[in-house]
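Please examine the structure shown here before reading on. Which features of its helices, strands and loops can be described from the coordinates?

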Amino acid sequence: TSGKGGVGKSSVTANLAVGLAELGLKVGVLDADIYGFSIPRMLGITHDPQSIDGMIVPPIGTAGVKVISIGMFVPEGQPIIWRGPMLHRALQQFLADVFWGDLDVLLIDMPPGTGDVAISIAQLLPNSEILIVTTPQIAAAEVAERSGSIATQTRQRVIGVVENMAYLVQPDGSKMEIFGAGGGATVSAHLSALLGHEVPLMAQVPLDISLRVGGDTGVPVASKSGPASQSGAAVELQALASKLAAHSRGLAGRPLGVAPVQR
């Protein structure tokens with residue numbers, strides 16, 4: 001999530017999904033950005049969801065990631081013009097009526113801000129965790145910080161910060177900080193102090209043409225089988241996926257290794 005638009009939430013979501021899937025996890029992505037959906041293209045979705053016994057079967061995208069988005073249910077180019085209650089009902093249906101199967105991770109690509117969708121997700125998934133995406137620009141970081149501070153009211157946990165568009169690598173190897181510096185570290189420090197636990201800066205993703213190309217072609221740059229898997233952005237996003245894959249989670253849906261004993 002982030003308070004601001006255009007900071008790369010969808011790009012981070014798509015690349016994290018592929019990175020986690022290639023680490024052996026079963027991953028789903030819920031595109032909660034109802035007005036500005038872009039996840040289907042970024043994850044190479046080419047067919048519509050199917051319906052079986054009243055359940056929606058989500059399409060499978062790159063690396064076997066299951067995806068659901070409102071963009072799969074409206075004609076191309078048609079805008080979504082909904083008020084809050086309809087947004088809530090759509091999210092409720094995506095969570096309850098979609099056959100996700102036994103997932104290890106469900107990533108939710110959020111719209112900007114702390115409005116209806118953020119409130120609905122907090123109500124529907126009270127144990128969900130928040131990953132903040134920002135750019136280095138202080139003006140963007142200040143807005144992103146607000147989307148993390150929502151956790152003080154929703155009782156969700158903020159697990160980290162991702163600084164996107166952190167720098168542009170020059171031919172001589174130096175880094176040009178086009179959008180300034182320090183935004184991610186500032187959000188991390190302020191939220192750590194506000195929330196009373198460490199909110200680490202987990203990644204600094206550079207500006208990278210291959211990241212944009214991967215999103216347009218449906219093969220996220222973080223895919224190790226993709227053409228740009230060794231680029232700077234790919235390496236940073238793969239490392240972020242590894243950190244999150246090792247993140248502790250609850251026991252729901254996990255095999256416990258318990259077997260009956262015959263006496």
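The questions and answers that follow concern a predicted model.

Q: Is His 197 buried or exposed?
A: His 197 lies in the loop between α7 (183-195) and β10 (201-205). Its relative accessibility is 18%. A residue is classed as buried under 20%, and His 197 therefore counts as buried.

Q: Which residues does His 197 touch, not counting residues up to four places away in sequence?
A: The loop that holds His 197 comes between α7 and β10. With residues up to four places away in sequence set aside, the contacts of His 197 are Arg 157, Val 158, Leu 191 and Ser 192.

Q: Are α5 and α7 roughly parallel or roughly antiparallel to each other?
A: The axes of helix α5 (residues 138-149) and α7 come within 9 Å and cross at roughly 30°. Angles under 35 degrees count as roughly parallel. The two helices α5 and α7 are therefore roughly parallel.

Q: How many nonpolar, polar and charged residues has the contact of α5 with α7?
A: From α5, the residues are Ile 138, Ala 141, Glu 145, Gly 148 and Ser 149, and they meet Gly 183, Thr 186, Val 187, His 190, Leu 191, Leu 194 and Leu 195 in α7. By class, the contact of α5 with α7 comprises six nonpolar, five polar and one charged residues.

Q: What is α3 in relation to α4?
A: Helix α3 (residues 84-96) packs with helix α4 (residues 116-124) at an angle of about 40°, and their axes are 9 Å apart. Angles under 35 degrees would count as roughly parallel, and those from 65 to 115 as roughly perpendicular. The angle therefore makes α3, relative to α4, oblique.

Q: Is the crossing of α3 and α4 right-handed or left-handed?
A: In the contact, α3 contributes residues including Leu 87, Leu 91 and Leu 95, while those from α4 include Val 117, Ile 121 and Leu 124. The residues of the contact of α3 with α4 divide into six nonpolar, five polar and one charged. The crossing of α3 and α4 is right-handed.

Q: Which are the edge strands of the open sheet of three strands?
A: The open sheet has the order β4-β1-β5, with parallel pairing. An edge strand pairs on one side only. The edge strands are β4 (66-69) and β5 (105-109).

Q: Which residue in β5 stands opposite Gly 28?
A: Strand β1 (residues 27-31) runs parallel to β5, and five bridges join them. Gly 28 stands opposite a residue of β5, namely Leu 106.

Definitions and conventions:
Residues are numbered from 1 along each chain as its sequence is written. This is a predicted model: local features need pLDDT of at least 70, side-chain atom pairs count only at pLDDT 80 or more; totals for chains, interfaces and linings use all residues. Side-chain values use heavy atoms; hydrogens and water are left out. Helices (H or I, at least four residues) and strands (E, at least two) are DSSP runs, numbered from the N terminus. Buried means under 20% relative accessible area, exposed over 50%, partly exposed in between (1.4 Å probe, protein chains only). Contact means heavy atoms within 4.5 Å. Axes are lines fitted to C-alpha atoms, for helices over the stretch in contact, and angles run from 0 to 180 degrees between N-to-C directions. Angles under 35 degrees count as roughly parallel, over 145 as roughly antiparallel, 65 to 115 as roughly perpendicular and the rest as oblique. Ala, Val, Leu, Ile, Met, Phe, Trp, Tyr, Cys and Pro count as nonpolar, Asp, Glu, Lys and Arg as charged, and the others, Gly among them, as polar. A crossing is left-handed if the near helix is turned anticlockwise from the far one by less than a right angle, and right-handed if clockwise. Two strands pair if DSSP finds at least two bridges between them.
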